[in-house]
Amino acid sequence: MEKNTAEKLYEAFYMKVFSYVMTLARDQNDAMEITQETFFRAITTEREFRGESECYTWLCAIAKNLFIDEKRRHSKYEEVPLEDQPNTEKSIEMKMVDADSSIQIHKILHSMEEPYKEVFQLRVFGELSFSEIGSIFEKTETWARVTYHRARLKIKERMEKS
């Protein structure tokens, strides 16, 4: 990739990719490292961007794969904390405003299975459209909508159980 093109790509998408990775990693240092590696791979790879999707979607796919690889490397050393969740009547999105509820929802998300976990995070924290989420997963916009709705139901159900 040409230096000028690489610089433009980096300037145009760094913060968006970083924000996306933050929704996955929830740690600034890890997110910065994965984002840097994402752009390094995008710029230095022999397989260039084919134009079949948006540049941002392509970069997010690289970032997602790097994040998954990183989690796999560290997964055997991590334990998943399981704590009871409070029962509440607010919508899930409104609970994100309250810090305590936000922590509880993050704990539920931490134990939630894929793809529900990631789709919910991309929609709520990453503020991505259903179309963009579908593109990242190489699925349709409808798939993203249904998966998000099911994730909300699962979170609500788990919060009501406690």
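Trainee: Which residues form one aromatic cluster here?

Mentor: The cluster is formed by Y10, Y14, F18 and F39. Please note that this is a predicted model, in which local features need pLDDT of at least 70 and side-chain atom pairs count only at pLDDT 80 or more, while totals for chains, interfaces and linings use all residues. Residues are numbered from 1 along each chain as its sequence is written, and side-chain values use heavy atoms, with hydrogens and water left out.

Trainee: How is a pair of aromatic rings described?

Mentor: One gives the distance of the centres and the angle of the planes. Rings of Phe, Tyr and Trp (its six-membered ring) pair if their centres lie within 6.5 Å; planes under 30 degrees apart count as stacked, over 60 as edge-to-face and the rest as tilted. In the whole structure, a search finds eight aromatic pairs. For Y10 and Y14, the ring centres are 5.0 Å apart and the planes meet at 40°, so this pair is tilted.

Trainee: Where do Y10 and Y14 sit relative to each other?

Mentor: Both belong to helix α1, where they are four residues apart, and are therefore separated by about one helical turn. Helices (H or I, at least four residues) and strands (E, at least two) are DSSP runs, numbered from the N terminus.

Trainee: Is Y10 buried, partly exposed or exposed, and what of Y14?

Mentor: Buried means under 20% relative accessible area, exposed over 50%, and partly exposed in between (1.4 Å probe, protein chains only). Y10 is partly exposed, at 32% relative accessibility, whereas Y14, at 16%, is buried.

Trainee: What kind of aromatic pair do Y10 and F39 form?

Mentor: Their pair is edge-to-face, with 5.1 Å from centre to centre and 70° between the planes. It links distant parts of the chain, since Y10 lies in helix α1 and F39 in helix α2, 29 residues apart. F39 is buried, with a relative accessible area of 2%.

Trainee: Which charged residue lies over the face of F137?

Mentor: A charge sits over a ring if NZ of Lys or CZ of Arg is within 6 Å of the ring centre and within 35 degrees of the ring normal. K64 lies over the face of F137, at 3.9 Å from the ring centre. Likewise, K154 lies over the face of Y116, at 4.8 Å from the ring centre.

Trainee: How many helices and strands does the protein have?

Mentor: Its secondary structure comes to eight helices and zero strands.
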